[in-house]
Amino acid sequence: MSPSPARRRVAVIGTGAIVSGSHLPALRSHADRAELVAAVDVDPARLAAFRELAGDGVTGYTSTDEMLDAVRPDLVLIGTPPSLHREQTVAALEAGAWVLCEKPLCLSLAEYDDIAAAEEASGAYASVVFQHRYGSGAVHARELIASGELGTPLVAHCQTTWHRDAAYYAVPWRGRWATEGGGPTMGHGIHQFDLLLHLLGPWAEIRAMATRLVHDTESEDVSTALVRFENGALATVVNSVLSPHEVSRIRVDCAYATVELTHLYGHRNDDWVYTPAPHVPSERAAAWRTPAADVPSSHTAQLGAVLDAHDNGVRPPGSGPAARATLDFAAALYKAAFTGLPVHAGEIAPGDPFYPAMHGDHPHWAPKERA
């Protein structure tokens with residue numbers, strides 16, 4: 001038998017709610033494979049509280065560079081505000097560490113390409129947290145669709161209708177292009193349309209609308225899109241923070257069945273429903289409803305996939321072309337919404353105003369000078 005891989009030495013950057021509430025439990029679930037050795041936060045009080053929560057053996061730092069120089073971790077988990085992601089991810093990669101970063105991985109395609117260049121130079125990899133891909137229900141649905149078992153995908157709906165009040169946007173970095181990168185398209189709905197792309201494969205064309213209906217923000221508070229996929233399927237996408245009844249939903253109508261997922265912030269097998277077409281035998285439909293295991297979508301599930309990749313020295317899921325495709329979709333949605341023109345996959349490249357910034361320097365959407 002080959003020896004088990006050594007436990008990976010892990011550091012976290014940012015010690016707020018997402019790290020203490022999601023990343024720390026994930027690390028504890030994989031304690032046989034990963035050891036938290038360091039934490040970084042610019043707020044000494046918050047850092048001290050996290051270290052007490054995390055337990056013995058976690059050294060605290062207020063500087064990312066100082067931590068990377070002193071610790072040289074194998075893996076860095078990033079849970080800071082979005083405007084810091086690119087800089088911190090590149091620094092970790094340059095130090096030889098792999099990265100698992102909260103969404104969005106960065107604020108533009110230009111920033112993403114900086115990260116890709118750092119990956120190429122270092123040989124390390126950066127993944128973005130899209131934990132909904134990793135629940136057993138999503139794995140099962142993707143296998144059924146990709147294998148053709150459900151027939152040709154035809155029509156899809158992707159819905160993130162959530163609610164955020166004025167107090168939510170009172171946090172200084174929210175609702176601003178330079179610090180959040182966008183509104184619910186980048187900060188909320190990106191989880192669901194990433195899963196839609198994961199299920200249906202490459203998209204081809206998008207038409208969209210976006211507006212500010214309620215909140216006094218630079219970015220949108222609702223967006224909608226019509227999408228054509230390379231396989232011919234047509235989809236609608238809605239991203240909202242104006243919806244009192246909060247729900248996250250994906251529906252894919254294939255030739256032999258409709259598959260539906262309804263949840264809010266995470267799913268299990270029971271959240272997936274398969275409705276067979278009238279001509280499909282009942283015993284065939286019954287097999288669709290029985291994944292081998294019930295693994296919730298979670299940071300724990302995605303961290304396990306990253307550790308598997310690290311053990312095997314291969315690119316982890318949620319990185320590289322897959323991560324860029326989701327960011328490209330977001331940029332294209334903004335470009336289509338702000339210009340009123342259809343946008344095709346891959347057309348936003350250096351020289352396009354939507355390449356360095358999601359607002360595309362559009363006169364009605366670009367940040368205004370502040371007094």
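Which residues are linked in a network of salt bridges? In this predicted model, the network consists of Arg8, Arg33, Asp308 and Asp311. Asp308 is partly exposed, its relative accessible area being 39%.

Over the whole structure, 18 salt bridges were found. Another of them joins the side chains of Glu149 and Arg284, at 2.8 Å from N to O. Because Glu149 is placed in the loop between α6 and β7 and Arg284 in helix α11 (residues 282-288), this pair ties together parts that are 135 residues apart in sequence. Both partners are partly exposed, Glu149 with a relative accessible area of 24% and Arg284 with 32%. A salt bridge is also formed by the side chains of Glu205 and Arg228, with 2.9 Å from N to O. Here the link runs from strand β8 to strand β9, across 23 residues of the chain. Glu205 is buried at a relative accessible area of 12%, whereas Arg228 is partly exposed at 35%.

Strands β8 and β9 are part of an open sheet of 8 strands, ordered β13-β12-β11-β7-β10-β9-β8-β14, with mixed pairing. The edges are taken by β13 (272-276) and β14 (343-344); each has a single partner strand, and therefore one side of each is left without a neighbour in the sheet. The pairing of β13 with strand β12 (residues 257-263) is antiparallel and extends over 5 bridges. In β13, Thr275 stands opposite Thr258.

Two helices were examined against this sheet. Helix α6 (residues 136-147) lies across β7 (153-163), β11 (242-254), β12 and β13, and runs at about 30° to β13. Helix α10 (residues 190-200) packs on the sheet with contacts to β7, β8 (203-211), β9 (222-229), β10 (234-240), β11, β12 and β13. The direction of α10 makes about 165° with that of β7.

The count of aromatic pairs comes to 10. In one of these, the ring centres of Trp98 and Tyr125 are 5.1 Å apart and the planes stand at 85°, so the pair is edge-to-face. Trp98 is in strand β5 (residues 98-101) and Tyr125 in the loop between α5 (109-122) and β6 (126-128), 27 residues apart. Trp98 is buried, with 8% relative accessible area. The pair of Trp177 and Phe338 is likewise edge-to-face, because its planes are at 90°, with 6.1 Å between the ring centres. Since Trp177 lies in helix α8 (residues 177-180) and Phe338 in helix α13 (residues 320-339), the contact ties together parts 161 residues apart in sequence. Trp177 is buried at a relative accessible area of 5%, and Phe338 is buried at 7%.

Trp177 and Phe338 also belong to a cluster linked by ring pairs, together with Tyr334, Phe354 and Trp365. The ring of Trp365 has the charged end of Arg212 over it, 4.3 Å from its centre.

Key
Residues are numbered from 1 along each chain as its sequence is written. This is a predicted model: local features need pLDDT of at least 70, side-chain atom pairs count only at pLDDT 80 or more; totals for chains, interfaces and linings use all residues. Side-chain values use heavy atoms; hydrogens and water are left out. Rings of Phe, Tyr and Trp (its six-membered ring) pair if their centres lie within 6.5 Å; planes under 30 degrees apart count as stacked, over 60 as edge-to-face and the rest as tilted. Helices (H or I, at least four residues) and strands (E, at least two) are DSSP runs, numbered from the N terminus. Buried means under 20% relative accessible area, exposed over 50%, partly exposed in between (1.4 Å probe, protein chains only). A charge sits over a ring if NZ of Lys or CZ of Arg is within 6 Å of the ring centre and within 35 degrees of the ring normal. Two strands pair if DSSP finds at least two bridges between them. Contact means heavy atoms within 4.5 Å. Axes are lines fitted to C-alpha atoms, for helices over the stretch in contact, and angles run from 0 to 180 degrees between N-to-C directions. A salt bridge is a side-chain nitrogen of Lys or Arg within 4 Å of a carboxyl oxygen of Asp or Glu.
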